[in-house]
Amino acid sequence: MLVRLLYTSFNSPIGKIHLALTEKGLCEIGIRESEKRFIESLQMTYNIKPVKNAAAFKDIVKLLERYLNGERLKIDIPFDLKGTSFEKKVWKALLRIPYGRTKSYGEIAKEIGLPNGARAVGNACGKNPIPIIIPCHRVIAGNDGLGGYTGGIGIKKRLLRIECVL
């Protein structure tokens, strides 16, 4: 049973970012949504009222700010991910995409043993609970298009520009 769910929000170069944390680790990042909507979503998902606590996120916020300001770094923090086994398999594959590189949805599908599963990979990317850290922005369409991004295609472009991909 989940005992504690903390959250915070901060302003970043890509807009307001919301973070949530359980005892096990970072569980949600919200981009481009209101704080109220983020809290409501957390309550629905975890069945507990989140408590605002900026101090608990001090190190994570600093890492994200450094990344969003163009510093190349690996963010290695504990996660507490909710998702299907397939989604978690996709997210694990996304973590292997190096900084400044991209892979297509089809390449990820082949990598996880589902060669015709590009669309399923795209759906799993869209459900990624901690974008930026699990870098779904590094996954692009096979036709050299960008594909989609839950935070909006403009944010995907900005994240890829930070990594000098675009």
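Predicted model: local features only at pLDDT ≥ 70, side-chain atom pairs only at ≥ 80, totals over all residues.
Let me begin with lysine 157, which counts as partly exposed at 32% relative accessibility; throughout, buried means under 20% relative accessible area, exposed means over 50%, and partly exposed is in between, with a 1.4 Å probe and protein chains only. Residues are numbered from 1 along each chain as its sequence is written, and side-chain values use heavy atoms, with hydrogens and water left out.

Lysine 157 sits in helix H6, where helices (H or I, at least four residues) and strands (E, at least two) are DSSP runs numbered from the N terminus. Its C-alpha atom is separated by 21 Å from that of valine 61, which is 96 residues away along the chain.

As background, nonpolar side chains tend to be buried together in soluble globular proteins.

Leucine 159, leaving aside its neighbours within four places in sequence, is in contact (heavy atoms within 4.5 Å) with Ile14, Tyr67, Leu68, Ile132, His137 and Tyr149. Isoleucine 132 is found in the loop between H5 and strand S6 (139–140), and at 5% relative accessibility it counts as buried. Although isoleucine 132 is a residue other than glycine, its phi is positive, near 80°.

Tyrosine 149 lies in the loop between S6 and H6 and, at 13% relative accessibility, counts as buried. With neighbours within four places in sequence left aside, tyrosine 149 is in contact with Ile31, Pro131, Ile132, Cys136, His137, Ile155, Lys156 and Leu159. Its C-alpha atom and that of cysteine 125 are 24 residues apart along the chain and separated by 8.1 Å.

Next, the aromatic rings. Rings of Phe, Tyr and Trp (its six-membered ring) pair if their centres lie within 6.5 Å, with planes under 30 degrees apart counting as stacked, over 60 as edge-to-face and the rest as tilted; by this rule the count comes to 1 aromatic pair. The rings of tyrosine 67 and tyrosine 99 have centres 6.2 Å apart and planes at 90°, so this pair is edge-to-face. The pair links distant parts of the chain, 32 residues apart, with tyrosine 67 in helix H2 (residues 58–68) and tyrosine 99 in the loop between helix H3 (85–95) and strand S5 (103–104). Both of these tyrosines are buried.

How many disulfides are there? Taking a disulfide as a pair of cysteine sulfur atoms within 2.5 Å, the count comes to 0. For cysteine 27, which is in no disulfide, the nearest cysteine sulfur is that of cysteine 136, 16 Å away; cysteine 27 is buried, with a relative accessible area of 0%. Cysteine 164 is also in no disulfide, and its nearest cysteine sulfur, again that of cysteine 136, is 19 Å away. At 67% relative accessibility, cysteine 164 counts as exposed.

Asparagine 47, found in the loop between H1 and strand S4 (51–52), has a positive phi of about 55° although it is not a glycine, and it counts as exposed at 73% relative accessibility. Arginine 37, placed in helix H1, is exposed as well, with a relative accessible area of 57%. From C-alpha to C-alpha, arginine 37 and leucine 5 are 16 Å apart in space, and they are 32 residues apart in sequence.
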